[in-house]
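Open the model in your viewer and keep a selection panel at hand. The stops below go from the whole chain to single contacts.

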Amino acid sequence: MGAFPLISWNQDKDIFEISQEAKNIVSKIKGPIGVLSVAGVYRTGKSFLLNRCLINVQNGKGFGVGPTINPCTKGLWIWAAPISGYTESGEQVSVLVVDSEGMGGLDEDNDHDMRIFTLAILLSSYFIYNSMGSIDENAFSNLSFVTSISKHIRFKNGSSD
């Protein structure tokens, strides 16, 4: 058991692809599914947060973390085993935990970052924006971006909330 790619960028075909392993895991889940995703700037502890707080694994067995400035997560990754959760009405739900590639990495452009971030939001039942250190102008800019995307998604979906 561990983490593996959910959605990755295929540069040769210029498209995002869903991994067959992810399709197999999701197709075996019976009942309602929730998705919890975390996103934020690269190297701010997104994978560490998921490993320690949500799936409670350590010692390199969870989502990839590393000591360098190079990203460990490319695209969206999923934890192989759903965690058990409950809806507001008390119904049991299988929660898929998704880690995302960080924004602002040295090896990708803003367009790629936006696509990854948007995919994470679209897939999520619950979305965590992770930030490290003090909240600065850049963090507010990123949060504004999230808000704009979510409003656009609601508008396109026909929701008036």
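**Aromatic pairs, cores and one serine**

Start with Phe-16: its relative accessibility of 24% makes this residue partly exposed, a class between buried (under 20% relative accessible area) and exposed (over 50%), computed with a 1.4 Å probe on protein chains only. This is a predicted model, in which local features need pLDDT of at least 70 and side-chain atom pairs count only at pLDDT 80 or more, while totals for chains, interfaces and linings use all residues. Residues are numbered from 1 along each chain as its sequence is written, and side-chain values use heavy atoms, with hydrogens and water left out.

**Whole chain**

Colour by pLDDT, the predictor's confidence in each residue from 0 to 100. The mean over the protein chain is 77, and 69% of the residues score at least 70. Helix H1 (residues 20-27) has the highest confidence, at 92, and helix H4 (residues 137-157) the lowest, at a mean of 68.

Switch to cartoon: the protein chain has four helices and seven strands. These are DSSP runs numbered from the N terminus, with helices (H or I) of at least four residues and strands (E) of at least two. Their order from the N terminus is β-β-α-β-α-β-β-β-α-β-α. Of the 161 residues, 35% are buried.

**Aromatic pairs**

Select Trp-9 together with Phe-16. Rings of Phe, Tyr and Trp (its six-membered ring) pair if their centres lie within 6.5 Å; planes under 30 degrees apart are stacked, over 60 edge-to-face, and the rest tilted. The count by this rule is three aromatic pairs. Trp-9 and Phe-16 form an edge-to-face pair, because their ring centres are 4.8 Å apart and their planes stand at 65°. Trp-9 is also partly exposed, at 24% relative accessibility.

Next select Phe-117 and Tyr-129, an edge-to-face pair with 6.2 Å between centres and 80° between planes. Phe-117 sits in helix H3 (residues 110-123) and Tyr-129 in strand E7 (residues 126-130), so the pair links parts of the chain twelve residues apart. Which class, buried or exposed, does Phe-117 fall into? Phe-117 is buried at 2% relative accessibility, and Tyr-129 is buried at 18%.

**Nonpolar cores**

A nonpolar core is a set of buried Ala, Val, Leu, Ile, Met, Phe, Trp, Tyr and Cys residues joined through side-chain atoms within 4.5 Å. Select Phe-4, Leu-6, Leu-76, Ile-78, Leu-96 and Val-98; of the 13 residues in the largest core, these touch the most other members. Strand E1 (3-10), strand E4 (76-79), strand E6 (92-100) and H3 each supply at least two residues of this core. E1 gives the most, with three residues.

Now centre on Leu-76 and show its contacts (heavy atoms within 4.5 Å). Leaving aside residues up to four places away in sequence, Leu-76 touches Pro-5, Leu-6, Ile-7, Val-98, Asp-99, Ser-100, Ile-116, Leu-119, Ala-120 and Leu-123. Another core, of seven residues, lies apart from the largest one; Val-38, Trp-79, Val-95 and Val-97 are among its members.

**Ser-100**

Finish on Ser-100, in strand E6. This residue is buried, with a relative accessible area of 2%. What does its side chain reach at 2.7 Å? The side chain of Ser-100 reaches the backbone oxygen of Val-38.

Methods: A polar contact is a pair of N or O atoms within 3.5 Å; within protein, one must be able to donate a hydrogen and the other to accept it, and residues adjacent in sequence count only if both atoms are side-chain atoms.
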